[in-house]
Each structure stands twice: as structure tokens, then as C-alpha cells.
Amino acid sequence: MLTDVEITELIDCGDLESAVSALNDRIVADTGDEQAWFLRGKVNWKRGNHSLAISDYEHAVAINENSNARHALEMSRDIINFFNPDLLNP
């Protein structure tokens with residue numbers, strides 16, 4: 001099983017498929033692995049699947065409310081909820 005550092009290297013190198021596969025294996029082995037949920041959320045966000053990313057962040061926060069995923073969850077919700085009225089009338 002890959003470590004957080006190895007998975008982060010895969011993500012940084014753009015090998016998102018290998019990263020998500022390794023993270024899925026970790027989550028199946030231990031559903032309480034809060035860091036795996038957080039990292040998979042990061043991968044899903046990079047892949048453009050924002051709803052899955054938010055779901056993964058929520059899972060991580062449910063496991064540990066002080067998780068790094070809390071900040072990512074807040075930021076992703078801010079991005080999703082952003083509204084700029086100036087863009088409606090160019």
C-alpha cells in the first residue's frame with residue numbers, strides 16, 4: 001500500500017488514475033483513513049469532479065473534525081457558491 005508521500009508524488013506528477021486507485025485500496029482496507037479520503041478529494045477536484053471531491057472532504061471531516069479536509073471543504077464550497085453579478089451584464 002502506498003504512503004501519503006508516494007500518493008502525493010503521483011498527484012504532483014499528474015498520474016491521477018494511479019493515485020485514485022491507491023487511495024481506493026486504502027479506503028477499502030480502512031474506511032476510517034481520514035487522510036486517504038482527503039487526498040482522494042484532492043484528486044477528484046483536480047479531475048473536475050467537484051461533487052465527489054466535496055463528498056470525500058465531508059467523509060474526512062466526519063472522521064476527524066480537525067482534518068486538513070475541513071479547510072479544503074470550506075474553500076470548495078466557497079468556489080461553488082461564488083456569484084459575480086458583473087458577469088451577468090458584460
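The side chains of arginine 26 and aspartate 4 form a salt bridge, with an N-to-O distance of 2.6 Å; the term denotes a side-chain nitrogen of Lys or Arg within 4 Å of a carboxyl oxygen of Asp or Glu. Arginine 26 belongs to helix 2 (residues 16-29) and aspartate 4 to helix 1 (residues 4-13), so the pair ties together parts that are 22 residues apart in sequence. Helices (H or I, at least four residues) and strands (E, at least two) are here DSSP runs, numbered from the N terminus. The model is a predicted one, in which local features need pLDDT of at least 70 and side-chain atom pairs count only at pLDDT 80 or more, while totals for chains, interfaces and linings use all residues. Residues are numbered from 1 along each chain as its sequence is written, and side-chain values use heavy atoms, with hydrogens and water left out.

Arginine 26 also meets aspartate 33 in a salt bridge between their side chains, at 2.9 Å from N to O. Aspartate 4 is partly exposed, at 28%. In these terms, buried means under 20% relative accessible area, exposed over 50%, and partly exposed in between (1.4 Å probe, protein chains only).

## A further salt bridge

The structure holds five salt bridges. Among them is the one in which the side chains of arginine 47 and glutamate 17 meet, 3.0 Å from N to O. This pair links distant parts of the chain, for arginine 47 is in the loop between helix 3 (34-46) and helix 4 (50-63), whereas glutamate 17 is in helix 2, 30 residues apart.

Arginine 47 counts as partly exposed, with a relative accessibility of 39%. Glutamate 17 counts as exposed, with 51%.

## How helix 1 meets helix 2

The axes of helix 1 and helix 2 come within 7 Å and cross at roughly 150 degrees. That makes helix 1 roughly antiparallel to helix 2. Axes are lines fitted to C-alpha atoms, for helices over the stretch in contact, with angles running from 0 to 180 degrees between N-to-C directions; those under 35 degrees count as roughly parallel, over 145 as roughly antiparallel, 65 to 115 as roughly perpendicular and the rest as oblique.

On the side of helix 1, the contact is made by Asp4, Ile7, Leu10 and Ile11, and on the side of helix 2 by Leu16, Ser18, Ala19, Ala22, Leu23 and Arg26. Contact means heavy atoms within 4.5 Å. Asp4 and Arg26, named in this contact, are also the partners in the salt bridge of 2.6 Å.

## An aromatic pair

How many aromatic pairs does the structure contain? The count comes to one, where rings of Phe, Tyr and Trp (its six-membered ring) pair if their centres lie within 6.5 Å, and planes under 30 degrees apart count as stacked, over 60 as edge-to-face and the rest as tilted. The pair consists of phenylalanine 38 and tyrosine 57; it is tilted, with 6.1 Å from centre to centre and 40 degrees between the planes.

Phenylalanine 38 is in helix 3 and tyrosine 57 in helix 4, 19 residues apart, and the pair thus links distant parts of the chain. Phenylalanine 38 counts as buried at 10% relative accessibility, and tyrosine 57 counts as buried at 5%.

Serine 76 has its place in helix 5 (residues 69-81) and is buried, with a relative accessible area of 2%. Leaving aside residues up to four places away in sequence, serine 76 touches Trp45, Ile54 and Tyr57.

Histidine 50 lies in helix 4 and is partly exposed, with a relative accessible area of 30%. With residues up to four places away in sequence not counted, histidine 50 touches Asn44, Trp45 and Ile80. Histidine 50 and arginine 77 are 27 residues apart in sequence and 9.5 Å apart in space, from C-alpha to C-alpha.

## The chain as a whole

The protein has five helices and zero strands, and its pattern along the sequence reads α-α-α-α-α. Taken along the principal axes, the C-alpha atoms fill a box of roughly 50 × 30 × 15 Å.

Of the 90 residues of the protein, 34% count as buried. Among contacts between residues at least 6 apart in sequence, 39% join residues at least 24 apart.
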